[in-house]
Amino acid sequence: MSPKKTNTVKQSDIKDDKGDKNAAISLSPKRRKTSPPSLITPSKGREEQHIGGSNVSRRQLKIETDGAVSDDSDSMENHDVKSPTRRIFGRDTEIASVQSNTRQVYNLVKQLTGSIGGNGHGGAIYGELTTGSMQKMVDLMKIHTNLGPDSRFIDVGSGLGKPNLHVSQDPGVEFSYGIEMEHVRWMLGMSNLKVVLDEAYKQEMEGTVSGNDKIGHRCIFQHGDITEANYFDPFTHVYMFDIGFPPKLFKQLGEMFNRSQSEYLICYHGPKLMVDRYGFNVELIIQAPTSMHGSSEGHMGYIYRRKGKTSKIGHGLDLLDGVPCDKLFTKAWKSCKQNIGKHLESVQVQVTQSLNSKRPTRKRKAVIKV
Ligand SMILES: C[S@@+](CC[C@H](N)C(=O)[O-])C[C@H]1O[C@@H](n2cnc3c(N)ncnc32)[C@H](O)[C@@H]1O
């Protein structure tokens, strides 16, 4: 077991209550101690909140992160967060704490699909956060949105599956679901999931591992287009690394979110786009700078909460254990509710079937010899 360490959200995560843009820039540990973190909660007006940490079994992981300009004038053009505080090696460093089971999962994934994620090019735009930045977003979700064992988390466009695998360990959500429209990426995600579940199953059989060392299994990936769903129910948290999503998709997602019960939206675009342009019925809780894998690009992560009343439960929604659930997600949720052995079996079946099914082949051009 790892030694107990205190995990706290860093000063660099937080926007100053006076709106000081530089407050979002990473500070040295010394300064962090003397100036307590504060943030703006729009629904309560401007007030100062002090952020504590959870005492969980964690290991300190040194990560790189870009400092950031807190710029709410969000547009596709100026969205990238560029560091104004380049240090000697071009980057700031900060400490993020990653739980033991999460670390094991990232190691398994790294062995299978590489550290930058593999298949990063081709098809719809691809990109993913560093482990430390993802941990930062998870910590903020835990503190500000009650992300926990009862939460149901969707990643819209799950790619190779790291955000879903992460929250299925820390905080170990009830249902971690990713949908991905690119077949190869979905298959890579499923392959990652399979090695993780194999390890979780081994641990279960041995019965010697517990607590934060034990790998969680309530995660699944589906190949498909999110617009096949009418609602985001049963998800409590709607997450999307939405860099490069087309405007039409944002509009559709906004309408879908507004007619669902889901309470939180986590994405990488500011209120000007999400609220004003795309009509998401949400208010901003907190924002934090993040860094991307294998690139100097950074993006501001935004955590929103639904604004006003939730709409009535949608017509035609199934109820699964009393919770409304869009038909698109029912099978996946049922699979995650099973024990580890059965869930692993169904993942294995899907991977095998997909590998055996005939994919469209490219016709070769005849080579004309002269
Ligand atoms: C920037 S990548 C993010 C991958 C992953 N969420 C992560 O953070 O590591 C966005 C992904 O969304 C997928 N995507 C885009 N539109 C989609 C849609 N309508 N339905 C499902 N997936 C979609 C893309 O194929 C791409 O793999």
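This is a predicted model: local features need pLDDT of at least 70, side-chain atom pairs count only at pLDDT 80 or more; totals for chains, interfaces and linings use all residues.

Trainee: How are α5 and α9 oriented relative to each other, roughly parallel or roughly antiparallel?

Mentor: Look at the axes of α5 and helix α9 (residues 340-356): they come within 10 Å and cross at roughly 150 degrees. Angles over 145 degrees count as roughly antiparallel. So the pair α5 and α9 is roughly antiparallel.

Trainee: And which class of residue has ten members in the contact of α5 with α9?

Mentor: Walk along both helices. On α5 you'll find Met-187, Met-190, Leu-193 and Leu-197 among the residues that meet α9, and on the α9 side the list includes Ile-340, Leu-344, Val-347 and Val-351. The contact also has six polar and two charged residues, but the class with ten is nonpolar.

Trainee: Now the other pair. How are α2 and α4 oriented, roughly parallel or roughly antiparallel?

Mentor: Helix α2 (residues 100-113) and helix α4 (residues 162-169) have axes that come within 8 Å and cross at roughly 150 degrees. With that angle, α2 is roughly antiparallel to α4.

Trainee: What is the handedness of the crossing of α2 and α4, left-handed or right-handed? And how many residues of the contact are polar?

Mentor: The crossing of α2 and α4 is right-handed. From α2 come Asn-101, Thr-102, Val-105 and Val-109, and from α4 come Lys-162, Leu-165, His-166 and Gln-169. Sort the residues of this contact by class and you get three nonpolar and one charged, while the number of polar ones is four.

Trainee: Which residues does Ile-154 touch, not counting residues up to four places away in sequence?

Mentor: Leaving out residues up to four places away in sequence, its partners are Tyr-177, Phe-232, Phe-235, Val-238 and Tyr-239.

Trainee: Last one, for the whole chain: what percentage of the residues is buried?

Mentor: The secondary structure comes to nine helices and twelve strands. Among contacts with a separation of 6 or more, 76% join residues 24 or more positions apart. Of the 370 residues in the chain, the buried ones make up 44%.

Terms used:
Residues are numbered from 1 along each chain as its sequence is written. Two residues are in contact if their C-beta atoms, placed from the backbone, lie within 7 Å. Axes are lines fitted to C-alpha atoms, for helices over the stretch in contact, and angles run from 0 to 180 degrees between N-to-C directions. Helices (H or I, at least four residues) and strands (E, at least two) are DSSP runs, numbered from the N terminus. Angles under 35 degrees count as roughly parallel, over 145 as roughly antiparallel, 65 to 115 as roughly perpendicular and the rest as oblique. A crossing is left-handed if the near helix is turned anticlockwise from the far one by less than a right angle, and right-handed if clockwise. Ala, Val, Leu, Ile, Met, Phe, Trp, Tyr, Cys and Pro count as nonpolar, Asp, Glu, Lys and Arg as charged, and the others, Gly among them, as polar. A residue is buried if 20 or more other C-beta atoms lie within 10 Å of its own, exposed if 12 or fewer, and partly exposed in between; C-beta atoms are placed from the backbone.
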